[in-house]
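Please keep the sequence and the coordinates at hand while reading.

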Amino acid sequence: MSTPSRLNGIIRAFESGKPAHLAFAKLDKQTAIDMADSPYDGLIYEMEHNPYDVSALGDALQYLLNRKQIAESGSVAPRVTPIARIPANGAEMNQSFAKQVLDRGCYGVVWPHVATVEQATNAVASCRYARPRNAPLYEPKGVRGDGPANASRYWGLSMAEYYERADVWPLAPRGEILVGLMCESVQAVENLDDMLRNVPGIGFILIGEGDLSQELGLPRQYEHPEVVDAMARIVATCRKHNVVVGHPHVSAKNHRRLLEEGYRILTSAPQRTYGVVGLARGETSAY
């Protein structure tokens, strides 16, 4: 069984110049089983608006593994890469949520409602282990507590190998952990340029158009010019800093437009037809 150069399939898509296709998922074993053979690059286990249950997350991660696929591929890299959206908003500075989902084996953390440089720095730091001050890539200073046994086993690595890879991409080129920040407020849009300029290690920005439209006084009016303009500002800022930007509501109706607009993460609702992924990849038939 080989250890591939890239474990995280979402990062693999980015490095190949392709968009990554993700789906939100619930913490139950049947969803994990159903999604294990899906065409998605990754799953976002939703624990912001669903219950935060680390035990259920651990079970879901195990059911997501497909022993037949692992044996046939000869690689420990998962077919579908799991990451988790945690409950803590950026302003709460709550590092424990990130630590616990990473310790279970998730390959990344999505942080809701991040709106300042300080909050963005905390998000990245919470996903990094501490290291000597004179070490390369020291900032943002890692504050993740040391407890890698479960995660290294889930990744199929020794603890030493896990330490080598358990850092944030793209700050660490061989890092396998993605830090995603939700940009979903007027303050976040206004501060995004500063965040992307001053905080290394941000893997992607995911637009929260629901909350953003609420604050603009236009709840879920996603086609309203003010909402469209705010989202366009986010995309332009991410493009300026060469940071991946994602859209949370992808369907067969909007996937081509979103690709043309520069979105590199296309996210759909849990278990929405796999055909959306096929269409977004330029295929003519659904899965």
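## Surroundings of Asp167

Asp167 touches Arg128, Arg131, Ala172, Gly175, Glu176 and Ile177, not counting residues up to four places away in sequence, where contact means heavy atoms within 4.5 Å. This is a predicted model, in which local features need pLDDT of at least 70 and side-chain atom pairs count only at pLDDT 80 or more, while totals for chains, interfaces and linings use all residues. Residues are numbered from 1 along each chain as its sequence is written, and side-chain values use heavy atoms, with hydrogens and water left out.

Asp167 lies in the loop between helix 8 (159-165) and strand 5 (168-169); helices (H or I, at least four residues) and strands (E, at least two) are DSSP runs, numbered from the N terminus. With a relative accessible area of 7%, Asp167 is buried, a term that stands for under 20% relative accessible area with a 1.4 Å probe and protein chains only. The side chains of Asp167 and Arg128 are joined by a polar contact of 2.8 Å (a pair of N or O atoms within 3.5 Å; within protein, one must be able to donate a hydrogen and the other to accept it, and residues adjacent in sequence count only if both atoms are side-chain atoms).

## Helix 2

Thr31, Ala32, Met35 and Ala36 are buried in helix 2, which spans residues 29-36. They lie on the same side of helix 2 because they cover an arc of only 135 degrees around the axis, the arc being that of the directions from the helix axis to the C-beta atoms. The cover over the buried residues of helix 2 includes strand 1 (20-25), strand 2 (42-46) and helix 3 (54-64). At the start of helix 2, a side-chain oxygen of Asp28 comes to within 3.2 Å of the backbone nitrogen of Gln30.

Strand 9 pairs with strand 1 in the parallel sense over 4 bridges, pairing being defined by at least two DSSP bridges between the strands, and Ala20 stands opposite Ile265. Strand 8 (residues 244-247) runs parallel to strand 9 and is joined to strand 9 by 2 bridges, with Ile265 as the bridge partner of Gly246.

Technical notes
Buried means under 20% relative accessible area, exposed over 50%, partly exposed in between (1.4 Å probe, protein chains only).
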